Amino acid sequence: MRSSTTTLTAGLVLLLSGCTMIPDYHRPAAPVATAWPNKAADVAATDGGSLENWRAFYRDPVLQSLIETALANNRDLQIAQHQVEASSAQFDIENAALFPTLNGTAGANVQKMNSRIWSLSQGNGPFYMRQYAVGFGVSAYEVDLWGRIRSASRASFDRYVADELGRESMRLSIIASVSTAMLNWVANNQALLVTQNVLANRRHTYDLVKQTADVGTGTQLDVAEAEAALRDAETNLQIYTRQREQAMNQLELLVGTPLVPSVRADLEHKAALEDVVPFPDVPEGLPSDMIARRPDILSAEQVLRAANDDIGAARAEFFPKIQITAANGTASNNITRLFQSGMGAWNVAPQITLPLFDAGRLTAELHQAKARKKEEIARYEKTVQTAFREVADALAGRGTYLEQLHAQNALVQAGGRQYQLALARFKAGYDPYLDTLVAQRTLYSAQLGAITTHLQQMSNTVTLYKALGGGWNETLPARKDAMINHVL
């Protein structure tokens, strides 16, 4: 009997090797150009930072410490990780339906019968019917002849991989966001230091103009203009103080924990963006199809594959379902003889169900699955287009930001010379204070503009690295590797 049961179970499992009704999958053609549109924006690579290892790109020790802390504590990344774990469990649930569920059972049934109903020969008292049973069995196991369960299992696996890739995409975004947040803090800190210096100069100038007005060589108009410039600098000081604190709050939110004193101290020593270890140039000549390695694009394709798998499951619903319930064990009306020889009992109850009329429900479900596949095709293509634009925009800024920064720095130098000459002529009494004030405002504006342009140039490099999919290695989850061949 045990041999027969084993043979039956093995035969049922072998039936699972049947083909599914999943349509052949073909990756949609990328709806983008075959080359980047901004060849002129490419600049020669200096040292060609690796696209695989984020530490080779983000070289600043303080930034590396912030990124490592964020990868361990960022709550968005933790949410994504838990979503992956849930998807992994869902795959386990779907995949388990491919195999019979074996349950152990033990039960007793005692029934009181009226003697007149049962038999007059039993006497006038009540009669008790007893039945005891112990065994194991399979309940309502569906033989997956048409691949419905296999299709659902494969779809769950594809969605699990999509969530895993989505977590990797989230990881890249957090790394880039931490880098941008630190650059924003340094830029605001630099702007604050520049404003403090300007404020000190304007206070000195205000005192000087006020003295000249007191002795009669200046005018009250000069005093009013100097005071207005002074108050403007005081206003900007508060603005950049607030923005620096907000940048720190944003950085701590991304990192997921308050900065330790040593890291905060190292960060506060960065008085300018020049103090941040520069990013290496991304190698030039990269093909446009390399964006296909981005985890968000791979994730979108896995979701598309899952939608394709759902069509196979919907098609299989039109065919008969075969379910088997089987049990093997011992049974007796006397519990003392339950495990004696000859008390063995078994049963097998196959059932086949064929859909005859469902008011079009199965057809509608198939149409729904096909429509969702078309939706995922469009979403995949949109993801590719968005990725292509992100890289193209970053390439467009790659050279222009650098040239703009050079021009902005030259403007700062020219503004500095203009201010020194205007201040000297004012002190000598050749020009009114207005010329000095104009030159001072021009220099201050050029200094802030240089900070902003430098921030944009560095942030654009971070964006390009992220847009190209740099900083991650494509790997399938190790604990699922053994099941891939079975499912796919």
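This note sets out numbered remarks on the structure shown above.

1. Basis of the remarks. The model is predicted, so local features are given only at a pLDDT of at least 70 and side-chain atom pairs only at pLDDT 80 or more, while totals for chains, interfaces and linings use all residues. Residues are numbered from 1 along each chain as its sequence is written, and side-chain values use heavy atoms, leaving out hydrogens and water.

2. Overall make-up. The protein chain holds twelve helices and four strands; here helices (H or I, at least four residues) and strands (E, at least two) are DSSP runs, numbered from the N terminus. Of its 488 residues, 41% are buried. Buried means under 20% relative accessible area, exposed over 50%, and partly exposed in between, with a 1.4 Å probe and protein chains only.

3. Contacts and surface. Among contacts between residues at least 6 apart in sequence, 85% join residues at least 24 apart, where contact means heavy atoms within 4.5 Å. The chain exposes about 26000 Å², and carbon and sulfur atoms supply 55% of this area. Accessible areas come from the Shrake-Rupley method with a 1.4 Å probe; for residues, only the protein chains shown count as cover.

4. The largest pocket. Rolling a probe the size of a water molecule over the atoms shows where empty space is left. The largest pocket has a volume of about 390 Å³. A pocket is an open set of points on a 1 Å grid over the protein atoms alone, where a 1.4 Å probe fits, with protein on both sides within 12 Å along at least five of seven lines; lining residues have an atom within 4 Å of a point. Grid points are joined across faces, edges and corners, and the volume is the space filled by probe spheres set on them.

5. The pocket lining. Of the 22 lining residues, Pro278, Phe279, Leu402, Gln457 and Thr461 lie nearest the centre of the largest pocket. Helix 10 (361-427) and helix 11 (433-467) each supply at least two lining residues, and helix 11 gives the most, with six. The lining has twelve nonpolar, five polar and five charged residues. Ala, Val, Leu, Ile, Met, Phe, Trp, Tyr, Cys and Pro count as nonpolar, Asp, Glu, Lys and Arg as charged, and the others, Gly among them, as polar.

6. Helix 11 and its surroundings. Helix 11 has 35 residues and spans 50 Å from first C-alpha to last, close to the expected 51 Å; the expected span is 1.5 Å times one less than the number of residues. Within helix 11 lies Ser459, which is buried at 14% relative accessibility. Beyond its neighbours within four places in sequence, Ser459 is in contact with Thr180 and Leu183. Just after helix 11, Gly469 has a positive phi of about 85°. Gly471, in the loop between helix 11 and helix 12 (481-487), is buried at 4% relative accessible area.

7. Helix 7. This helix (residues 220-255) has 36 residues and reaches 52 Å between its first and last C-alpha, close to the 52 Å expected.

8. Most residues other than glycine have a negative phi. Ala140, in strand 2 (residues 127-143), has a positive phi of about 50° and is partly exposed at 40% relative accessibility. Ala359, in the loop between strand 4 (344-353) and helix 10, has a positive phi near 60° and is exposed at 65% relative accessibility.
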